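Keep the model open as you read.

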Amino acid sequence: MDTQDPSRRPTSGEGAGAKTADVYVEFNGVHKTYDGVTPIVRDLHLTVREGEFLTLLGPSGSGKTTCLMMLAGFEAPSAGAIRIDGRAVDAVPPRKRNIGMVFQNYALFPHMTVGANLAFPLQVRGLDRAAVAERVHRALRLVRLEGFEDRHPNQLSGGQQQRVAIARALVFEPRLVLMDEPLGALDRRLREEMQFEIRRIQRTLGVTVVYVTHDQQEAMAMSDRVAVFNAGRIEQVDSPEVLYEEPRRPFVASFIGDNNLLRGRVAAVDGDTCDVRVGDVVINAFMVTRHEVGDDVVLAVRPERTGLVSEAGTYTNEFVLRVEDMAFLGDHLRVLTNIGGHGFVVKIPNIVGHGGVLAGEGVHIGWATLDCRAMRPPEDESSD
Amino acid sequence: MNAAASVSAPAAVAKRPKRPRGSRLRAAALALPLVAFIVVTFIAPLGTMLVRSVHAPVVADAMSETVALLGDWDGGSLPAEAVFATAARELLKAREDRVIGQVATRVNRVQAGLRSAVTRTARRLRGLQPESWRAAMIETHAAWGEVDTWRALLLAGERYTGRNYLHALDLKRDAAGDIVAQPSEQRIYMALLARTLAVSLAITLLCLLLGYPVAYFIAHAPPGRANWLLLLVLVPFWTSLLVRTTSWIVLLQSQGVVNDLLVLIGLVNDDERLALIYNLNGTLVAMTHVLLPFMVLPLYSVMRTIPATHMSAAASLGAGFGKAFWRVYWPQTLPGVGAGSLLVFILSIGYYITPALVGGRTGQLISNMIAFHMQQSLNWGLAAALGGILLACVVALYLVYDRLVGVERMKLG
């Protein structure tokens, strides 16, 4: 049997197939605290679909690794339940969960050869010698390390060790694989190469992957869906495109890509849009959540969604802003301005028209209502 | 400022090749006092001791002509008159030079009972001018009339001898010069060596058994607690050996704490108190206690380098604790196990004070016998030979270890 054959598992495919598939992992009201007081993970609800590549993204200390460890069974939830394939796993020890795990520093066994490392989970499961050899060989071919059986981990480069760690997590054919910042120790180029590699392997096998990282680009590049963690909570779970285009929380807006966040107060409401007063200006914005006049909101405007106004009336929001500082970055011009007392960054593509932007002068900037999202400010979140 | 930095940087680079030799010489010079100290206090005494085990020049020097004449002797019948005359002259000379006692001791070691033959003869022959030295010597001591006496003199006259080593290995040369075993009632050293090795092995295993879980516990405790626990391991280490051994006496003697407790809870009758000390048991318990840190520290230092994720990884791959431990954790601690075991074993086969204090009769080890020959019987040659055999055991062990584990993998802490 050839693991490279994508037809082996009907659920594998381009990720679109995965989206309609069943729920495979479910976090239901999971709470975790070590000292009984400080919550690490708070009332977490999350589902992972079969065959999906889901990334837990967040800054360090946001609870994402704790979630992974609870899923693997190394930590127990303080409250709530985790289900895998419909079964509650609270009482199942890690070794019986049949979950492949790739650790941050690979955790390859240094006294064993690559072949022995890969054979270990198979021998533990009592497979016979021939079956072990065959599966080890197949797993090594999957990660493109054929012929490395007799090397020791310390004879391999970082990228090769990473591949071995992935092969070892897959060799016993688990349906769920967890990865805890597996690319953190690699340099940038290797990291990007491995991102594609991991994605290729995941698609080939159609295996469900839960991946932890603090690198938003990595999360965007690899995932079907990303769960953005902040302070023990999930702020938003969506595909990378949706997270980028339609952030629902200020934290997501600022964590994924660049965003200008402006605090203001709703002055008027009209359907899905509203007028927000920010300092001495009024900005027309799209409401992500419903707001009434007088509510405090945060506006998010991406620097690259703003443009120079060459003809008044192009945008629903148009202002003449003073250029406080600017930097030429090759493909674009990064301009720091000020709006209503807030610093405001504008990204102007390096095409005709930017020559008129001069420090200390005014610049005519505009953006559309849909590119300006009004959200509840973070303080309100503790009340929901 | 930048310019200054960029100027000084190449200058530093240009200087660099010069530095190592000077600093290396200076560093070597700093080590010289230690080297001298080691040579004077360790290598030189050790060397002379080892030389002493095979080099016995007393008789060869004092009676050189007699020994030379005996070299031509057929060994079947008593030597010729000339030999007697020479022997008498050299014995008298030796008495004048005040080495007759050493000569007598040396000859006596080859054949027991000849001490008086040598000393008495040297005393009585003084001033005599007999016609027949043979008759005169046999008259002063009948031993001179026996062929064996002269054979013993010839053997004692060997400047270099393997006799001490033979003796230490419970062997001897018979009359024909062949190497044979000592009579069974005189075979003590091999049995003692065997006991020493067995006791050392037992102590090593005990230390490993007791020390491994302790080291594991400390290595995987949170840093703050680990420091405290390590301190607990080290405090006994800093306490005087004598104090620790004496406290074992307090605990284990027949009127001691342990026996009192056993009697109190009724496990042991008052008149059948256990003999826990002044025997092999005392040696085992006290030495295990004394040597435990030497096992714990290398184990701890190795275990600390094993990432905790290895056991987690093994669990995630489906291994229970037992399998994970034996296949993943234990093999990685082998350098520490090897280092600790080698250290404890080598220290215990040469251990002297503790068995001397709490070992009684059955708990004595070979080093106590060496001490006996150094201090009581004054047979330094034999003591040196026993020491040499001990040293050979240690070296052999080291080579075996190197072969099996590899010395470069050893981690001593």
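**Salt bridges and pockets**

A:Arg144, A:Arg163, A:Glu193, A:Glu197 and A:Arg200 are linked in a network of salt bridges (side-chain nitrogen of Lys or Arg within 4 Å of a carboxyl oxygen of Asp or Glu). This is a predicted model: local features need pLDDT of at least 70, side-chain atom pairs count only at pLDDT 80 or more, and totals for chains, interfaces and linings use all residues. Residues are numbered from 1 along each chain as its sequence is written, chains are lettered from A and ligands numbered from 1 in the order in which they are written, and side-chain values use heavy atoms, without hydrogens and water.

Q: Are A:Arg199 and A:Asp224 buried or exposed?
A: The two side chains form a salt bridge, with closest N and O atoms 2.6 Å apart. A:Arg199 has 8% relative accessibility, and A:Asp224 has 8%. The class under 20% is buried, over 50% exposed, and in between partly exposed (relative accessible area, 1.4 Å probe, protein chains only). So A:Arg199 is buried, and A:Asp224 is buried.

Q: How many residues apart in sequence are the parts that A:Asp85 and A:Arg175 tie together?
A: Their side chains meet in a salt bridge at 2.7 Å, N to O. A:Asp85 sits in the loop between β4 (79-84) and β5 (87-88) of chain A, and A:Arg175 in the loop between α5 (158-170) and β7 (176-180) of chain A. Helices (H or I, at least four residues) and strands (E, at least two) are DSSP runs, numbered from the N terminus. The pair therefore ties together parts whose separation in sequence is 90 residues.

Q: Where does the largest pocket lie?
A: A pocket is an open set of points on a 1 Å grid over the protein atoms alone, where a 1.4 Å probe fits, with protein on both sides within 12 Å along at least five of seven lines; lining residues have an atom within 4 Å of a point. Domain bounds come from an automatic or database domain assignment. Both domains of chain B give residues to the lining, so the pocket lies between domain 1 (57-156) and domain 2 (189-409).

Q: Which element gives the most to the lining of the second largest pocket?
A: This pocket has a volume of about 650 Å³. Elements that give two or more residues to its lining are α2 (19-54), α17 (321-349), α19 (366-375) and α20 (380-404) of chain B. With 7 residues, the one that gives the most is α20(B).

How values were computed. Points joined across faces, edges and corners; volume = space filled by probe spheres on them.
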